[in-house]
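Please open the model in your viewer and keep the selection tool at hand. The tour goes from stop to stop, saying at each one what to select and what is found there.

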Amino acid sequence: MIIEKSEKILEKHSLCNNCLGRLFGRLGKSTNYIRGKSIRLVLNMKREAEGLPPFEEPEKCELCGNIFKKTEYLARLCYDKAQKLGLEFESFLVGSRFPKEILEKEKQLWEEFGLEFAEPINRELNREVGKFLEVLLQKPVNKEDPDVVFIIDPYNERIELQMKPLYVYGRYRKLVRGIPQTPLKSFRESVASIICKPFAKVTKGKCIFHGAGREDVDVRMLGNGRPFIVEIKNPIRRKIDLRAIAQEINQSKKVEVLELKFINRTDMGRILTSNHKKEYEALVYVEEGITPEDIRKIVEKLRNCTIYQRTPRRVLRRRADIVRVRRVYDVSAEIVDKEHLKLRLITDGGLYIKELISGDNGRTTPSVSEILGKKAWCEKLDVLNILDD
């Protein structure tokens, strides 16, 4: 079958040994070049016996344009680019982008001759370049999870690099009021910018900050800190000292990071979608003054209470107008002075504490204002702890 089909193919098409062998690439374990050379040799012996002219390997292959003569050169282009960048990685993979017309011509060839065991041209080039690169780099090919993928445009001799992202988990404390979690126009810095700056400097990659929830600009995040993940895209350097990075961030005196460690993408999804209980401390102003009886009412009514909270008016521009059902698990309160009380709460994540106090004109019920029958609002708020499941 192979000899007969090859003869019919070569009568119509001028193919190099690689492209000829690749038409039967999924038969046997030889390289396509050796397979094609062997097919041509056997076929020409047959033709010589029949008094027919041989099929010599053409000076230029009509399908690939002799691209397989450049595999070592293309590997060196990849190597040189990695060396020039100072790229750090432990494993790699090679990919390629072929012109559409070549891929279509190859497909037409398969269909014309009913070729069921052919291998695509890009797969062969990727493999052959990869063999040279393994020697040059002294690093292995990893088909499942490579640190870097070399994408080759073989005819334009361009190399594109796709680096596997790095994911770093940590917890942050925001020690001061007046900075947002992520960049805002009217603020010079943010929690995200303070944390991401040293990561970007060391890795030379693009850093994206992901927080597990957020606190308002005027709210501090204390205690055990809020979980976050820094996603670093296209990192040039992967070997980074997390302890040194933590020290640099903590020198800001505004943000402090804890428990930095590398994680994978699966961990990232789990961490960011987990719903955590939170512990808060609020300084509450009560317009008509506060009494010991008021303290008793607040604790009695809010402990183990279900809260129905319509989206606060202050966030309606960026949140859907829906009613959220959340729970207050524990509460304690103490008088600070005639008009102030200190309130500690453990609640579900996603409960707006300022509105739990003010009532937001009835959009949150029950609320401290509703329970007391007095106007109350939050003057200062701190997140004390994020309580993990």
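**First stop: a buried aspartate**

Select Asp360, which is buried at a relative accessible area of 6%, where buried means under 20% relative accessible area, exposed over 50% and partly exposed in between, with a 1.4 Å probe and protein chains only. This is a predicted model, in which local features need pLDDT of at least 70 and side-chain atom pairs count only at pLDDT 80 or more, while totals for chains, interfaces and linings use all residues. Residues are numbered from 1 along each chain as its sequence is written, and side-chain values use heavy atoms, with hydrogens and water left out.

Asp360 sits in the loop between helix H11 (353-358) and strand E12 (364-365); helices (H or I, at least four residues) and strands (E, at least two) are DSSP runs, numbered from the N terminus.

**Second stop: the nonpolar cores**

Next select Tyr172, Ile195, Phe199, Leu260, Leu302, Leu343 and Ile357, which touch the most other members of the largest nonpolar core, a set of 53 residues. Such a core is a set of buried Ala, Val, Leu, Ile, Met, Phe, Trp, Tyr and Cys residues joined through side-chain atoms within 4.5 Å. Helix H7 (residues 191-203) gives the most to this core, contributing six residues.

Which residues does Ile195 touch, not counting residues up to four places away in sequence? They are Tyr172, Phe209, Phe228, Val230, Ile249, Val255 and Val257.

The structure holds seven aromatic pairs, counted where rings of Phe, Tyr and Trp (its six-membered ring) have centres within 6.5 Å, with planes under 30 degrees apart called stacked, over 60 edge-to-face and the rest tilted. Select Phe209 and Phe228, a stacked pair at 5.5 Å centre to centre with 15° between the planes. Phe209 belongs to strand E5 (residues 206-211) and Phe228 to strand E6 (residues 220-233), so the pair ties together parts 19 residues apart in sequence.

Then move to Tyr285 and Trp377, a tilted pair at 5.0 Å centre to centre, with 45° between the planes. Tyr285 is in strand E8 (residues 277-286) and Trp377 in strand E13 (residues 376-387), so this pair ties together parts 92 residues apart in sequence. Tyr285 is buried at 16%, whereas Trp377, at 35% relative accessibility, is partly exposed.

Terms used: Contact means heavy atoms within 4.5 Å.
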